[in-house]
Amino acid sequence: MFQILKTEKSYRKLFFAGIINGVGDRFSQVALLALLLHLTGSGLTVGITMALRMIPFLLFGPLSSMIAEKWSRKSVLVFTDFSRAFIALSFLFVQSSYDLWIVYIGSFLLASGEALYGPTRKSSIPAIVQSDHIKEINSWEQVSLGFVLIVGALSGGLVSFLFGAKAAFIVNIFSFILAGSIIRTIPNLESSGTSINEGKKTETSGKILPLVMASSFLFMILSFDVLVPLVNGIENILLSVYAVKTFHAGDLGVGILYSVLGTGFLISPLLTKWITGKYLSIAFMCLFMEGVVLSGISQANSFILVVILFGILTIFSGVGNTLLDTAVMQTIPSKYHGVYFGLSATIANTCIGISMFTTGVLLEFISPQMMGLIGGIFYSSLGIAYFLWTMRMDLFNEKRKLVTVADN
């Protein structure tokens, strides 16, 4: 696995740049939320800030592919990193509750940058790595996610506690600058043979609908992007609720659970490397198991058991994410990766936001345990349904249909 990272030099730079700005962004998030509670003592300001971080994915996610058609992917990533460094400077001027407008505008703009950065970065991966390395590279993406969760959340809280929120903001600023500088050294992030000159790059942003109509695979994946995030939102809310309200473990409990999630993502590649085929089927089996474990968490009567089960759940999630991304990258034509990942991010983040809001409302009437059980049953049901759907699908034929439509 480490040999792949050594071989794929361009991806190696993209990988470390993603870790650096991801960890820095976690520093800023932890410090910012703590600062808001210190200045206002109100959970409402935290809710507004989190909501403002979700809205840009609905507004700007679809634009990522169109912008990448006018500029190179490399230019988009470098520009968003350096721009976010400049925006993050604004948090240094927050002194009192009268400065909340700075927090709100800054949070919105930072999330807007991420809404452009995330899909563009993801669509760059299959463009710069060898096709037979894609599964291993997607495993490294789960490692990156796990590392950011563990190091970013814990270190961010520690730095903020010891040195104050401004120290965490400064780390975030320099992380964006360093990440952008690393990406500048990557020769190219475009697919082989793709021109980035103005007027020569094929526009694909308005052609996704014919692909969806032609391919049951793409229709299935987009429906997955709608339905599964609805449970992801439940998970995100329940994680804090279980730690703080159900088991009275406080902020430390939240930190422990996030660290366990990161550990699960780090472990998942150790299992993924043994999987050599039937990526979709196994991915949906993992989704089914996530539902089983989430249902088990809802019935757990000790915090230690909840911690263990969340770790197991995340291992299944990491394996499933890797295999699903690999199937997508290998099946959808490369010139449509940008528009697909932009659309996917928009749909998923919008649905997560709706789910988190709805879950918050429902928890006023339903116990966290019941909410977790509902989420677990929904996960397992989706896993079974998609597994059966996949049994009737020929990915080779689906890829051929997508290539035919794309070439017309």
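**Entry 1: ground rules**

I began with helices, which here are DSSP runs of H or I with at least four residues, while strands are runs of E with at least two, and both are numbered from the N terminus. This is a predicted model, so I noted that local features need pLDDT of at least 70, that side-chain atom pairs count only at pLDDT 80 or more, and that totals for chains, interfaces and linings use all residues. Residues are numbered from 1 along each chain as its sequence is written, and side-chain values use heavy atoms, with hydrogens and water left out.

**Entry 2: salt bridges around Arg84**

I looked up Asp81 and Arg84 and found both in helix α5, three residues apart, about one turn of the helix. They form a salt bridge, with the closest N and O atoms 3.0 Å apart. The term asks for a side-chain nitrogen of Lys or Arg within 4 Å of a carboxyl oxygen of Asp or Glu. Side chains of opposite charge can pair when their charged atoms come close.

Which residue of helix α6 pairs with Arg84 in helix α5? I found that Glu114 forms a salt bridge with Arg84, again with the closest N and O atoms 3.0 Å apart. Glu114 lies in α6 and Arg84 in α5, so this pair ties together parts that are 30 residues apart in sequence.

Next I checked cover, where buried means under 20% relative accessible area, exposed over 50%, and partly exposed in between, with a 1.4 Å probe and protein chains only. Asp81 and Arg84 are both buried, Arg84 at 2% relative accessibility. Glu114 is partly exposed, with 27%.

Arg84 also lies over the face of Tyr117, at 4.7 Å from the ring centre. For that label, NZ of Lys or CZ of Arg must be within 6 Å of the ring centre and within 35 degrees of the ring normal.

**Entry 3: another salt bridge**

The structure holds five salt bridges, and I looked up one that joins Arg121 and Glu141, with the closest N and O atoms 2.6 Å apart. Arg121 lies in helix α6 and Glu141 in helix α7 (residues 134–163), so parts 20 residues apart in sequence are tied together. Arg121 is buried at 9%, and Glu141 is buried at 17%.

**Entry 4: aromatic rings**

Rings of Phe, Tyr and Trp (its six-membered ring) pair if their centres lie within 6.5 Å; planes under 30 degrees apart count as stacked, over 60 as edge-to-face and the rest as tilted. By this rule I have 12 aromatic pairs. The ring centres of Phe91 and Phe169 are 5.4 Å apart and their planes stand at 45 degrees, so the pair is tilted. It links distant parts of the chain, 78 residues apart: Phe91 is in the loop between α5 (73–88) and α6 (100–128), and Phe169 is in helix α8.

I then found Phe224 and Phe284 in a tilted pair, 5.8 Å centre to centre with 45 degrees between the planes. Phe224 lies in helix α10 (residues 216–246) and Phe284 in helix α12 (residues 279–299), so the pair ties together parts 60 residues apart in sequence. Both are buried.
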